Amino acid sequence: MDFAISDELQMLLKKARTFVEQNLYPLEPEFFEQGFAAVEPKLREQRDKVKQQGMWLPQIAKEHGGMGLSLLEHGLFSAEIGRTPLGHFTFNCQAPDSGNMELLLQYASDEQRARYLQPLLDGDIRSCFGMTEPDYPGSNPVWMGTTATKDGDDYVLEGRKWWTTGGDGAAFCVVMAVTAPDAPPHLRASQILVPMDTPGLIIETTTPFMGHRGESWASHSELRFENCRVPQSNRIGPEGAGFLMAQERLGPGRIHHCMRWIGVCERAFELMCQRAVERHISADRPLASKQFVQGWIAESRAEIDAARLMVLHAAWVIDNKGAKAARDDISLIKFTVANTMMRVVDRALQAHGGLGVTDYTPLAMFYRMERAARIYDGTDEVHKLSVAKRILRQYASEDAAR
Ligand SMILES: Cc1cc2nc3c(=O)[nH]c(=O)nc-3n(C[C@H](O)[C@H](O)[C@H](O)COP(=O)(O)OP(=O)(O)OC[C@H]3O[C@@H](n4cnc5c(N)ncnc54)[C@H](O)[C@@H]3O)c2cc1C
């Protein structure tokens with residue numbers, strides 16, 4: 001394993017940090033108080049600057065207009081721009097678009113590439129991904145209610161989805177729907193491109209999330225499909241390959257998330273340390289002189305460093321041995337980093353006292369919105385169960401680890 005970071009990459013990471021500090025931090029207060037729509041026009045201006053400075057699409061190969069970083073390099077980049085909640089959108093590597101781009105790059109037909117992928121890569125449109133359903137458990141995704149039934153040259157979709165991130169204002173949704181109800185569970189579903197203006201696709205509501213409905217990319221839609229008709233040529237990849245393709249998207253996707261969360265940790269840690277030395281609790285004593293606070297700082301530093309190394313290791317395994325070889329690593333980092341982030345943000349918030357729960361720092365927003373990290377892309381429990389089962393299989397019979 002070789003984590004050596006070239007001088008060139010060091011310079012790129014520094015450039016990304018400087019960009020974020022100079023151009024995106026100043027937009028945060030408006031975002032925290034007025035929401036994403038208020039800052040979106042300004043973020044689009046920042047996107048032009050990102051393009052000019054050669055930092056557009058860090059996760060995408062150069063031949064498709066991206067930076068051509070390896071997963072490990074993109075992970076490091078992601079941690080820099082993840083220091084602000086406005087980072088990934090500005091560099092066009094935000095979920096769920098980044099996952100949809102990777103999916104379409106691998107499986108889309110020429111026609112699908114021209115109509116859906118290229119404008120996504122150019123940043124002219126946004127997309128969403130509809131897999132989770134209100135009436136079925138996301139923890140058992142092979143059990144779902146949305147169907148796509150063949151009728152002539154079309155599929156007719158019926159069903160409901162929710163937690164469809166970025167559905168408000170998206171141009172299309174990649175919908176996971178059952179196309180072969182009688183097939184074995186993992187071969188039942190396909191992924192189908194559904195333009196958001198297709199008759200029969202109804203946005204029921206934007207789901208209220210920790211006190212905020214949000215809007216545009218920073219929101220989550222509840223969708224209903226009622227006699228919603230799209231051509232069969234809108235299916236991505238082979239029929240019945242929906243889960244296989246979803247699985248492939250999740251490996252790199254979890255590295256993206258985890259390194260963004262490392263960025264959140266680093267920002268929270270920096271704010272905690274700054275506050276500790278600046279805030280005086282008596283005329284001659286800063287908060288930093290107190291052992292409670294010193295403990296938070298030492299523990300946070302150790303936990304962030306450990307989490308970062310775990311993620312970089314997982315990224316390195318995917319880069320060098322493929323996603324299958326990194327299966328356990330991916331599960332381990334998903335719940336480890338999400339929980340590390342919760343602890344670090346909580347300590348940083350506590351160190352700020354009343355200021356910590358205002359919207360004058362990003363901490364309250366991190367505390368509120370990042371709690372979901374333990375739920376999406378596989379809950380803590382599901383990851384722990386699957387990794388433990390694989391470990392136990394090495395020690396016992398199949399039955400014992402079931
Ligand atoms: C902010 C956010 C964004 C999201 N974005 C998207 C998106 O863009 N597209 C999309 O399709 N989905 C998205 N999701 C949905 C997400 O993937 C699901 O919420 C997740 O898969 C969990 O499914 P569920 O909510 O149905 O919980 P359930 O499956 O009902 O699980 C409930 C709880 O039970 C626990 N549990 C389940 N099985 C076991 C077990 N065997 N043992 C012990 N505990 C168990 C789970 O860990 C969980 O805590 C998003 C969710 C959030 C919160």
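Is Asp377 buried or exposed in this predicted model? The first view takes up that question, and the others visit further parts of the chain.

**View 1. Asp377 sits in the loop between helix 11 (363-369) and helix 12.** Asp377 counts as buried because it has 22 C-beta neighbours inside 10 Å, and 20 or more are enough for that label. Look at its backbone too: phi of Asp377 is near 55°, a positive value in a residue other than glycine.

**View 2. Ser216 lies in the loop between strand 7 (214-215) and strand 8.** Here again a residue other than glycine has a positive phi, near 55°. Ser216 has 18 C-beta neighbours inside 10 Å, so it counts as partly exposed.

**View 3. The ligand lies between domain 2 (127-236) and domain 3 (244-401), because both give residues to the shell around it.** Of the 19 residues around the ligand, those that come nearest are Met131, Pro137, Gly138, Ser139 and Thr379. Strand 1 (127-130), strand 3 (154-165) and helix 12 (380-393) are the elements that each give two or more residues to this shell. By class, the shell has 10 nonpolar, 8 polar and 1 charged residues.

**View 4. Domain 2 and domain 3 have C-alpha centres 30 Å apart.** Where these two domains meet, 6 residues from domain 2 and 6 residues from domain 3 make the contact. On the side of domain 2 that touches domain 3, you will find 4 nonpolar and 2 polar residues, and no charged ones.

**View 5. Strand 3 pairs with strand 2 (residues 147-151) and with strand 8 (residues 218-231).** Strand 2 and strand 3 are antiparallel and share 5 bridges, with Lys150 standing opposite Tyr155 in strand 3. The two strands form a hairpin with 2 residues between them, and Gly152 in the turn has a positive phi of about 60°. Strand 3 also runs antiparallel to strand 8, joined by 9 bridges.

**View 6. Helix 9 (residues 291-321) is made of 31 residues.** From its first C-alpha to its last, helix 9 reaches 44 Å, close to the 45 Å expected at 1.5 Å a residue.

**View 7. A cis peptide bond runs from Ala95 to Pro96.** The omega of this bond is near 0°. Pro96 is in the loop between helix 5 (87-90) and helix 6 (97-107).

Conventions. Residues numbered from 1 in each chain as written. Predicted model: local features only at pLDDT ≥ 70, side-chain atom pairs only at ≥ 80, totals over all residues. Near = placed C-beta within 6 Å. Helix = DSSP H or I, 4+ residues; strand = E, 2+ residues; numbered from the N terminus. Nonpolar A, V, L, I, M, F, W, Y, C, P; charged D, E, K, R; others polar. Domains from an automatic or database assignment. Contact = placed C-beta atoms within 7 Å. Pairing = 2+ DSSP bridges. Expected span 1.5 Å × (residues − 1). Buried ≥ 20, exposed ≤ 12 C-beta atoms within 10 Å, placed from the backbone.
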